[in-house]
Amino acid sequence: MSYDKVLKGISVIVPAAGKGERMGDGPPKQYLPLVGKPMLQHVLERLLSLSPDRLVVPLSPADSIFDSLPVHHECEVVTGGATRAESVQAGLDALSLDDDDWVMVHDAARPCIRTEDIARLVETVGDDPVGGILAIPVHETVKRTDDGKRIDGTVSRDGLWLAQTPQLFRYGVLARAMESAAGEGLEVTDEASAVEWTGLSPMLVMGPGENLKVTTPEDIMLAEYYLRMQG
Ligand code: CTP
Ligand code: MG
C-alpha cells in the first residue's frame, strides 16, 4: 500500500534540540548512527516520504551537524529552546498556521516509527476537532516509590497508556494549549498533556511497541533490530 500523500495538508514539527544527556557522552543522540545513518535522518526520511506540507526542525543553537544530513534542504530549521516544550513552541511560531490546520509533532528520538502507523493515526483522527496521539497500554505492574529504594504502593494499570509520538492536533488547539501551559509554568512533556490541561480529550490510537523512544545506550541495539527488521 502507498502512503505517499498521507501528510498532505499537515505540517510537521520534529523537535531535535535536545542534548541526549541520558545517552551519555558523544554527539547528541539524534545524530547517533543507527544501521549506518543518523537517527534524525531515519526520522526525517520517513516523514518526508509522506509529503507533509512543511517540516520544521527546532535545533540547538550549538548544532553543527544538521546541515550535513542529506535531507536538510527539505526542512525548515528554527532555533529550539531549553525544554522540549519550548522547542515545539518555536516550531509552532515558525509555522503560524490557521486554527483549523493540522500540525503533527514527532520526536527525533523515535526513529522506528512506521509509515503505516502514521497513516493510521491520521486516518483515525479524521476530522476530529481536537486531535490524537499514538500510545500503548501499560502491560507491566506499576510501582510507586518516594525514595527509589522501597515500594510505597502499586498503581493500578487499569486504563493506563504510555504516550508516544507522533501527536496530531489542530493548530489553534495546540498553540493555545501550549501558550496557557507555559503561562501557568506547567511542565509539559508531550503536546497532549498541554491540550488535556485545557479540558479537551485527545484521541488515543494504538501505537506499535517498536516505536520506542531511544533514551539510554541499551535502546540502541533494540532500535537497530527494529530498523533492520523493517528493511
Ligand atoms: N528536545 C528538544 N529541545 C529540548 C529538549 C528535547 O527539541 N530542549 C527534543 C529531543 O531532541 C528529542 C525529543 O525532544 O527529539 C524528546 O526528548 P528526549 O528524548 O528527552 O531527548 P533529550 O532531551 O535530548 O534527552 P535527555 O532528556 O536524556 O537529555
Ligand atoms: Mg529530555
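Biologist: How does the shell around ligand 1 divide into nonpolar, polar and charged residues?

Modeller: This is a predicted model, where local features need pLDDT of at least 70 and side-chain atom pairs pLDDT 80 or more, while totals for chains, interfaces and linings use all residues. Residues are numbered from 1 along each chain as its sequence is written, chains are lettered from A and ligands numbered from 1 in the order written, and side-chain values use heavy atoms, without hydrogens and water. Ala, Val, Leu, Ile, Met, Phe, Trp, Tyr, Cys and Pro count as nonpolar, Asp, Glu, Lys and Arg as charged, and the others, Gly among them, as polar. By that scheme, the shell holds six nonpolar, five polar and seven charged residues.

Biologist: Which element gives the most to the lining of the largest pocket?

Modeller: Ligand 1 takes up the space of this pocket, whose lining counts 39 residues. Two elements give two or more residues to that lining, α2 (84-95) and α4 (171-183). With five residues, the top contributor is α2.

Biologist: And which element gives the most to the second largest pocket's lining?

Modeller: β7 (131-137) and β10 (161-170) each supply at least two residues. The one that gives the most, with three residues, is β10.

Notes. On a 1 Å grid over the protein atoms alone, a cavity is a set of points where a 1.4 Å probe fits but cannot get out, and a pocket is an open set with protein on both sides within 12 Å along at least five of seven lines; lining residues have an atom within 4 Å of a point. A molecule sits in a cavity or pocket if more than half of its atoms lie within 2 Å of its grid points. Helices (H or I, at least four residues) and strands (E, at least two) are DSSP runs, numbered from the N terminus.
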